[in-house]
Amino acid sequence: MIKEKIMPTAVITFDDVVRSQLENAVPVLQKHGFKATFFVCDWFRDSRIHALKQGMDMADLKTLHQLGFELGNHTKDHANPASLSVEENREAMTAAIVASP
């Protein structure tokens, strides 16, 4: 019997796309050859909240995408999809921008 070596696996994710993730985490990820998923949330569209949280702008998101990072849909809240109607799930899933390289 041939034993296959199983390598440890980790999934790296970032919530809410704040600018410090681009400035601090991305260079470290690139240095070590790691990929990650950045979850874009609904407040991305609200300029007042966006400024308060120091969120990434569209240019930052495009940069992440061009660097090969995945952008995912945060949804507008953390509701359990199983407890939502089809329409509520559709609304939650379309509240943020989704892109994948």
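## Aromatic rings and salt bridges

Let's start with D60, which is buried, with a relative accessible area of 10% (buried means under 20%, exposed over 50%, partly exposed in between; 1.4 Å probe, protein chains only). This is a predicted model: local features need pLDDT of at least 70, side-chain atom pairs count only at pLDDT 80 or more, and totals for chains, interfaces and linings use all residues. Residues are numbered from 1 along each chain as its sequence is written, and side-chain values use heavy atoms, leaving out hydrogens and water.

D60 meets R19 in a salt bridge (2.7 Å, N to O), that is, a side-chain nitrogen of Lys or Arg within 4 Å of a carboxyl oxygen of Asp or Glu. R19 lies in helix α1 and D60 in helix α3, so this pair ties together parts 41 residues apart in sequence; helices (H or I, at least four residues) and strands (E, at least two) are DSSP runs, numbered from the N terminus. R19 also meets D57 in a salt bridge (4.0 Å, N to O).

Now to the rings, where the structure holds two aromatic pairs (ring centres of Phe, Tyr or Trp, its six-membered ring, within 6.5 Å; planes under 30 degrees apart are stacked, over 60 edge-to-face, the rest tilted).

| Pair | Centres apart | Plane angle | Type |
|---|---|---|---|
| F14 and F38 | 4.8 Å | 10° | stacked |
| F38 and F69 | 5.6 Å | 85° | edge-to-face |

F14, F38 and F69 form one aromatic cluster. Both F14 and F38 are buried, and so is F69.
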